[in-house]
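Subject: Structure handover

Hi,

Here is the structure I promised to pass on to you. Please have a look at it, and then read on for what turned up.

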Amino acid sequence: MKKWLGRAGKGDGVGPDDGQHTSPPPLSLPPDVSAIDEEAAVMERVDVEDDEKEGGKEDDGVVGRVDGRGGGDSDTDSANAQGVNERQPLLIAGGKALGEKLRQLALDNWIAVVFGACLYIALGLACALVWNDMEWRAYVALFTVAGVIVMLLVDKCEAYVTLLFALTFLLATDVIKPKGALQGFSNPGVIVIAVLFIVAEGISRSRILDILLYGFLGEPRFLVSAVLRVSVPVTIASAVLNNTPLVAMLIPVIENWGKRTGFAPSKLLMPLSFAAMMGGTCTLIGTSTNLIVVGLAEEKDPKFESLNLFEISQVGVPVAVIGVLYMAIFAKFLLPTNEIDTSDSVAHPREYIATVRVMRNSAAVNKPVAESGVKHLPGLFLFAIERDERVTSPVPAETVILVDDVLYFSGVVSSVNLLWDIRGFATSGEVETLARNISTSKRRIVEAAVSPHSPLVGRSVKKARFPLRYGAAVLAVHRHGERIQTPLSDIVLRPGDALLLLTHPRFSKEHADNTEWALVRDVCETTAFRKLNYAKMLVSLSLASFMIAIATADVLPLLTAAMIAAATMILTQCMSLATATRAVNIPVILTVAAAFGIADAMETTGAASRMAQTLIDLLQPLGPLGMLAGLYFATALMGAFISNAASAALMFPIIYAVQQEDSNLTLKSSLYVLMLAASSSFSTSIGYQTNLMVCGPGGYRMKDFVKFGLPLQLLCGVTSVVLCWVIFG
């Protein structure tokens, strides 16, 4: 020990070599030296005491040794007790904090809590009194589905996370086998959705739908008009086209159109999905569910007379008309306004000045500013118009926009980025030239601030020759506290000016340390400045038409037709392979796939069929009209949580048996009610594929579907039941 201390003292400059005899500082000792010395001294003292004792008192020595150590243990116990006493307030405080969080969660979601409590009480009573002869797996499946509903209403995690956890629980408890749990991940319907995302992206990038729909959609001033302009053509189209690919192709179009016209996509995308569902019930080929029901009827009864293609239209069309009117009137009040994100990633977004020239093909030409829609672009403010080298600011609402007018807008980055993709607005020539030389997937918008020592200071944007010097083009300029009313190319740059540049991905790396710039920051990718490629438009339109026609005519399965269309789009360079990969919405795919597994648990355990049979038994005494109502709402209730095809298949044998026993109920009325009910999953997000597809872009929650869709489902249900009873008996 002394040798070690000597080395320690020497090493610290306080040992014998320095002529000092002070002890080394305690911090120079190794971590456990003091503890080791203390323990050695105790052991030495104990050994001396043992040597002084007689042999006959050896046991006492042992006792004394134990007592000696017992004092140490007592100290340790005291310290531990003190630590426990100190931790108790912390545990109590932690418990109180957790309780407070749970209480606040319950208060924030009291509707879901009350609904969940009522649901579980009702389910428990039903299992105890009515469904008491089912196997235990059926009970687990029922209560798990109830838990999924409650969690979706609470909405504290994504839908696919909730469904995957529920599926994992059912798999772990042996309610469902691995084959059934994973069937959704190999189901052709799920794969079709993934492929359709790719096809929709290819069509969207060709901008063919923009041109076809732009004239019809127009520039509505009121939400009622906007919802009608979306719902009417979609309802008509989905009567003869498969609604899943139709919605997949229209989502980006409607989303962008809503942003341009100032309407939140959340006000338009749910009506888009619902209109497609209602349109599918207007003809026999409008949805695959109708064909499934017809196939089941033909298999059950070889003498069954096949249904006419448009016979269901007698009920489907009035229901669709009523549904569209309901959506147009109540979308404003019942749908959420998930605001368009016009904020930037920085804490204090800069307001940029951007200019565009009005072209002949612009919808704003020859219209007053108040009616042209340019005043309602989200996050943008029209503050000046230049005409014949004369600038007018502020802009009177009655000013008529003419060809070649230069419009001055101010706005944050994301809003300005939207401006450049509006049909009929042109930027400077150098921007268009540069955009042609950079592929769409590699275009970047970069924010760069001019440094005080930059050679750009004192030069105009035009004379700075950005394309040659930097491989970039100036899109907009920010100058703190000033709205510049000078054409973009003539703006003379000053130190601190922030520029938005259209450039290539290498710009940020190449100029991050360049003294010409005080700041270089990647803002976003952009798909703006896409020139219309009529050849790719023709290819995309032809492939989409081929896919829908072949699938509708049942020449090829929809999956095969969609894969052919997607592969051809990639081969013809309508989009890149990387773009196709990014187009697939993984959360939607996981949600749909997990829902298939949960539906399989409900089916295989017999829980679904038993629940439907009970509802039918309760309503049968009400006569034919009451029976049709029971059939409709039982199917709709089941279709709210499992796929429409599965609910139709489960309900068909029950409906067929009831119709055979009740002579007052015709088979046609029963089958048409089944078709209409299975395709009316308006009140949940997981009940229909198109609902899941619009959830992400619209930012919808489970409660949004309940709030807007449940009244619609009741309205359509009453109309469907009454019309089927009156027309078909």
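First, a word on exposure: a residue is called buried under 20% relative accessible area, exposed over 50%, and partly exposed in between (1.4 Å probe, protein chains only). Do keep in mind that this is a predicted model, in which local features need pLDDT of at least 70, side-chain atom pairs count only at pLDDT 80 or more, and totals for chains, interfaces and linings use all residues. Residues are numbered from 1 along each chain as its sequence is written, and side-chain values use heavy atoms, with hydrogens and water left out.

Salt bridges

Side chains of opposite charge can pair when their charged atoms come close. Taking a salt bridge as a side-chain nitrogen of Lys or Arg within 4 Å of a carboxyl oxygen of Asp or Glu, a search of the whole structure gives nine of them. A network of these bridges links E135, R137, D174 and K177. Within it, R137 meets E135 at 3.5 Å, N to O, and R137 also bridges to D174, with the closest N and O atoms 3.1 Å apart. Since R137 lies in helix α5 and D174 in the loop between α6 (159-172) and α7 (178-181), this pair ties together parts that are 37 residues apart in sequence. Helices here are DSSP runs (H or I, at least four residues), as are strands (E, at least two), numbered from the N terminus. D174 goes on to meet K177 at 2.8 Å, N to O.

Aromatic pairs

How many aromatic pairs does a search of the whole structure find? There are 15, where rings of Phe, Tyr and Trp (its six-membered ring) pair if their centres lie within 6.5 Å, and planes under 30 degrees apart count as stacked, over 60 as edge-to-face and the rest as tilted. One of them is Y120 with F143: the ring centres are 5.6 Å apart and the planes at 20 degrees, so this pair is stacked. Y120 sits in helix α4 (residues 110-129) and F143 in helix α5 (residues 136-154), 23 residues apart. Y120 is partly exposed at 33%, and F143 is partly exposed at 28%.

Another pair is F507 with W517, whose centres are 6.3 Å apart and whose planes are at 65 degrees, so it is edge-to-face. Both F507 and W517 are buried.

Strand β1

Is strand β1 (residues 352-358) largely enclosed or open? Six of its seven residues are buried, so the strand is largely enclosed by the rest of the structure. Strands pair if DSSP finds at least two bridges between them. β1 runs antiparallel to β4 (residues 406-411) over six bridges, with I353 opposite S410. Two bridges also join β1 to β5 (residues 425-426), again antiparallel, with V358 opposite F425.
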